Every structure is written in C-alpha cells, then in structure tokens.
Amino acid sequence: MPRFAASVQYDGSHYHGWQSLKSGLPTVQAAVEAALSKVANHPVSVVCAGRTDAGVHGSNQIIHFESDSVRSERGWAYGSNTHLPDDVAINWVMPVCDEFHARFSAQWRRYRYVIYNYPIRPAHLPKGVTWNYRPLDVKRMQAAAQHLVGEHDFTSYRAVQCQAKNPVRTITRLNVTRHGHLIVLDIQANAFLHHMVRNLAGVLMTIGSGKHEPDWAKTVLEARDRTEGGVTAPPFGLYFVDVGYPETFGLPASEPNPHFVAPLLPWP
C-alpha cells in the first residue's frame, strides 16, 4: 500500500509514553493510530523515529504509516486532528517512497531538555519544564558536556533495564545555554539509549549545582556503571524535537521548537 510520513507534536504529561500498551493505558501511539484509522476508514498502525517515555513530550516526532485510502495531505492532517485530543496534533502528512522508514532511515535524533532554574516553582508549564531551585552554573555544565561529545560507551548513562544490545552512541551536539530563568540542554546523537538524556541531564545539573567538578561527567562515563551516574532527571521538560533524514526523501524542514523556547535559540 502507499506509504505516508507524518510529523506529530504532543504533550506527554498524561500519557504512559509513546508506545501502545497491552494494558490499554493511554499512549500517544494509540491516540494517533485511532485518529488516522478514522480518517482512513480502516485500521492504521504507525512506526515512529524514536519512542519516548511516560511524561516526555514531542514537537517533531516523525512516523510513517500505510494506507490505500485516497486523501489529500491536508485531509490526512486536518482530519486526524479533529479526532485527536487537545494535547496531540499532527503537523503535516506527505506521501513517501517505500524505502522510507521512520526509524531505520533516520540518521540522527535531537532532544531539548528545558530547566526552570529559580527558587520558586513555576505555576505555568509545571509539566513542561523541570524545576531546579538550586542555582546552576551553566559554564560548569557546558564544560562537563564537552566530555560527552563524540562516540562513547554510554553504559553509565542508560537505564538498568535498557534493552539495547550495544551501548555505544555518538553525540554530535551537546550545548547548555541560559535564557533568563530557563536553561536548555540541546543534544543530538545518532541514536539514544533508554533514559540516556535524562541521566545526562541529572549529571549536568549535579555539576551545575557545585556538588561535583565538570570532570565528573567523564569519570561517570568511563566507569561504565549506571550506579555511578546519580539520579535520573524527571521527564518534565524533555522534548523530542527533530530527526534527520537523507534529503532524497524530501521531508519538510522542521521548525524551531518547542515553541516557547524557539525565539531564544538558533536553528538548526
């Protein structure tokens, strides 16, 4: 059947992650498949670029699905959005060749982790940012981050229950910047391990608070032992923001995101 690619944005606060669950608990995938199935008038299953955990958000999650129903690109997107809850939306839909695969064609993935660094907890976007009341030194965090750029064994930075056979990943971007009370971790890699970004954020915030020196990030990395890595940071504030594919597939360029930090940061 004809194959389509689509971009999905969602607030993961009320979902048990991306992937559908046999338990029937709400997931983003289940919501998207239900909406697309109504537009297609037949069951539709989707494949995503990268699964996100419970509470994690997405602003440009790429998926693909197959359908022989005749609908315009606008019809797919707008029709699906009428059947989606308010915290999930499809940005665009377009036909692609059979060789396109949302997961296996991806060359890199990108996340942003947004920290609200202020003594008083935020009343706005309480699940859209991670609150850290301790003063964080961004220069120390950025210095620590540079120890993690490149190809490494990230065993110390993945969840104990991570099922990936190979813990080696390549980080090509890891920048830490402050914008008023907001601190943004911008990280890009060929792929990510389970809880990898949250564990990186936990180590960097610990260093930023002064509990460890920047070299501790390297010490944790070289230990190849998750117990050396400290606390896993909360899912709040973590956004799956971009995916890179070969230009031959012709996917639309992504927009700066999430929208409330877009004016603050360069893109790409």
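Predicted model: local features only at pLDDT ≥ 70, side-chain atom pairs only at ≥ 80, totals over all residues.
Me: Why is strand β10 called largely enclosed by the rest of the structure?
Reply: Strand β10 covers residues 238-244, and seven of its seven residues are buried. A residue counts as buried under 20% relative accessible area. Strand β10 is therefore largely enclosed by the rest of the structure.

Me: What makes β5 and β10 a pair, and in which sense do they run?
Reply: Two strands pair if at least two bridges are found between them. Strand β5 (residues 108-117) and β10 have six bridges, so they count as a pair, and the sense is antiparallel. Within this pairing, Arg-109 stands opposite Val-243 of β10.

Me: How do you know that β3 also pairs with β10, and in which sense?
Reply: Strand β3 (residues 57-66) is joined to β10 over two bridges, and the requirement is at least two, so the pair qualifies. The sense here is parallel. His-57 has Tyr-239 of β10 as its bridge partner, and Gly-58 stands opposite Phe-240 in β10.

Me: Which other strands are joined to β3, and by how many bridges?
Reply: Strand β1 (residues 3-10) is joined to β3 by seven bridges, with the two strands antiparallel. Ser-7, for example, has Ile-62 of β3 as its bridge partner. Strand β2 is also antiparallel to β3, through three bridges, and Cys-48 is partnered with Ile-63 of β3.

Me: What makes β3 mostly covered?
Reply: Nine of the ten residues of β3 are buried.

Me: Which residues make the contact between α1 and α2, and how do they divide by class?
Reply: Helix α1 contributes Ala-35, Leu-36, Val-39 and Ala-40, while α2 contributes Gly-75, Trp-76, Gly-79 and Ser-80. By class, the contact of α1 with α2 has five nonpolar, three polar and no charged residues.

Me: Which residues of α3 and α4 meet, and how do they divide by class?
Reply: Arg-140, Met-141, Ala-144 and Ala-145 of α3 meet Leu-204, Met-205, Ile-207 and Gly-208 of α4. The contact of α3 with α4 comprises six nonpolar, one polar and one charged residues.

Me: Is Ser-45 buried or exposed, and how do you know?
Reply: Ser-45 has a relative accessible area of 54%, and exposed means over 50%, so Ser-45 is exposed. Ser-45 is found in the loop between α1 and β2. Not counting residues up to four places away in sequence, Ser-45 touches Glu-33, His-64 and Phe-65.

Me: Is Gly-229 buried or exposed, and how do you know?
Reply: The relative accessibility of Gly-229 is 2%, which is under the 20% limit, so Gly-229 counts as buried. Gly-229 has its place in the loop between α5 and β10. Leaving aside neighbours within four places in sequence, Gly-229 is in contact with Ser-156, Val-203, Trp-216 and Val-220. Gly-229 and Thr-155 are 74 residues apart in sequence and 9.7 Å apart in space, C-alpha to C-alpha.

Me: Why does Arg-224 count as exposed?
Reply: Arg-224 has 54% relative accessibility, and the limit for exposed is over 50%, so Arg-224 counts as exposed. Arg-224 is placed in the loop between α5 and β10. Its phi is near 50°, a positive value in a residue other than glycine.

Me: Which residues does a cis peptide bond join, and what is omega there?
Reply: The cis peptide bond joins Asn-257 and Pro-258, with omega at about -5°. Pro-258 is found in the segment after β10.

Notes:
Residues numbered from 1 in each chain as written. Heavy atoms only, no water. Buried < 20%, exposed > 50% of the residue type's maximum accessible area, 1.4 Å probe, protein only. Helix = DSSP H or I, 4+ residues; strand = E, 2+ residues; numbered from the N terminus. Contact = heavy atoms within 4.5 Å. Nonpolar A, V, L, I, M, F, W, Y, C, P; charged D, E, K, R; others polar.
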